[in-house]
Amino acid sequence: MVSLRRPPARAAVRLPPWAQGWLLPRLLLLGVLLAAWELVARSGWVSRLFLVGPGEVVLAFWKLAGSGRLWLDLQASVLELGLGFALGVGTAIPAGLLLGTFRRLEIALEPYLMGLYATPRVAFYPMLIAWLGFGLSSQVALLFLSTFFPVCINTWSGVKTVDPVLIRAARSFGANQLQLFTKVVLPYTLPFITAGIRVALGRGLIALYVVEAFGANAGLGYLIAQAGTEYRVGDLFVGVLVLAGLGVLFDGALRWAERRLAPWRPEPPL
Amino acid sequence: MQAKAVRVLARRRARPCPEVSPVERALLIGAPLVVFLVGWEAIARAQVVSTLFFAGPLDVVRTFSELAADGELWYHLRASVSELVLGVAGAVVVGVPLGLALGGVRPLEGVLAPYIAAAYAAPRVAFFPLIALWFGTGLTSKALLVFFTVLFPILINSWTAVKTVDPVLIRAARSFGASRLQLFTKIVLPHSLPFIVAGLRIGSGIGLLAVYVAETYGGGAGLGYLIVSAGFAYQAAKVFVGVLGLALLGIVLNQSLGYVERRLAPWRASLR
């Protein structure tokens, strides 16, 4: 994109290649923030019940990891997320493809699907608990609900916007219905699917927190919520940071997969 | 023969979806709803699930009108809406200028990009116990969670808006002698408006999630609180009413913002 400023004057100092990018300023910012955090925590300006410094957080991490508690919670979270996510995405992609292909199905279901997409599906969790009990089934059910809709709707949208010129060109080369689907529709829809999966990941993580903070006995959300009620601020930070790290990790993995699967698609800014 | 062909073609061109008549369309949309409602009432009557946890549509409608009449529904609705509006307003006031700045000021973007990406990928509702620890369980902490949650979609959308401005337009404006301020107000801002509204639409959906999470944690008022407290008291119909209330709120917000978005830039109606 064209900068709104005049082009910069040539730099007077030549830096080595690794220092020329944004790495140094970013690390500098991180360092400054961490130092400020530690200072504020040490100064006693905020009670230790509410704030602990990064040093203490590292200590808490060490303790939790050493005692095995962290791995237990991490395992539980990844299991729930994995099951719900796989179920949701696995059913949503065929569903979206079907919706995009069959007009009558689309007309019949569109208002209800869009309506459900607009509602916060985590609000269904108390109902799910009442019907399925506390435990893996209600958790996976909510994760399924949260991840299904973004993927389904994005896939559907992708199928609907396939360029009719491409379809007609393929047909004039003698493509049958199956070939049309696998060679034109599916590759075209792939970026939409991956975009939907990335949104589903975000919603899924929120749902993961909700199912674990409310009535569970393991998982990162449980760790966070328990630490909150017991004023163990160090553990709270550890839980939040690990969960955030999980989110960053999965999002990065998805973006890598997106680059591999659909390299022709322009890289989204975020 | 020719005349008839012309008439058929004219009819096809005029209707938006020539192969599905309006009658068939109404039937297609209405049928699932009818099946769903009938099935729902049947399950409720048959008591497949205990009446402590399940209420049929008639029951729900009755409870809805009761709660609306005695004001309890509006009380909770007002609480939830105020949390949402405060948080979203804050997110727009902070997020839009910051996002625009990120798009326009290269060093700012370079330094902050990975941190914003990380914060966006993380489930920000998980910070609520921390926010509640610091700010209690009243309106403030809930609005803050909404603010924190909604900030990033709006910020990122504003940022994307600036980054996707057509360079040709900028150069053309410059060659006409536009100042930086004019570039901003006459090109960047109008271009960004649909992005900002799209971000608002996504943000309102996510904000509603944050409202629910915050209210279930502890609160005293709001639709989320209604759901959870009625759930603990085995008042199934109230639970359903609460969920319905949140659903209606979400649908109204999504549809109205979607309408604005389509009016502003019909070629880029987003779905996320």
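The elements of chain B run α-α-α-α-α-α-α-α-α-α-α from the N terminus on, in a model that is predicted. Chain B thus has 11 helices and zero strands, where helices (H or I, at least four residues) and strands (E, at least two) are DSSP runs numbered from the N terminus. The radius of gyration of chain B is 24 Å, well over the 19 Å that the globule rule gives for 272 residues, so chain B is more spread out than a compact globule. The radius is taken over C-alpha atoms, and the globule rule is 2.2 Å times the number of residues to the power 0.38. Along the principal axes, the C-alpha atoms of chain B fill a box of roughly 80 × 75 × 30 Å.

Residues are numbered from 1 along each chain as its sequence is written, with chains lettered from A and ligands numbered from 1 in the order in which they are written. Local features need pLDDT of at least 70 and side-chain atom pairs count only at pLDDT 80 or more, whereas totals for chains, interfaces and linings use all residues.

Of the 272 residues in chain B, 40% are buried. A residue is buried if 20 or more other C-beta atoms lie within 10 Å of its own, exposed if 12 or fewer, and partly exposed in between, with C-beta atoms placed from the backbone. B:Ala89, found in helix α4 (residues 72-104) of chain B, is partly exposed, with 14 other C-beta atoms within 10 Å. The C-alpha atoms of B:Ala89 and B:Leu200 are separated by 9.8 Å, although the two residues are 111 residues apart along the chain.

The contact between the chains takes 49 residues from chain A and 56 residues from chain B; two residues are in contact if their C-beta atoms, placed from the backbone, lie within 7 Å. The largest share of the chain A side, nine residues, comes from α5(A). By class, this side has 37 nonpolar, eight polar and four charged residues. Ala, Val, Leu, Ile, Met, Phe, Trp, Tyr, Cys and Pro count as nonpolar, Asp, Glu, Lys and Arg as charged, and the others, Gly among them, as polar.

Within chain A, α9(A) and α10(A) pack at an angle of about 60°, with their axes 7 Å apart. Axes are lines fitted to C-alpha atoms, for helices over the stretch in contact, and angles run from 0 to 180 degrees between N-to-C directions. The angle makes α9(A) oblique to α10(A); angles under 35 degrees count as roughly parallel, over 145 as roughly antiparallel, 65 to 115 as roughly perpendicular and the rest as oblique.
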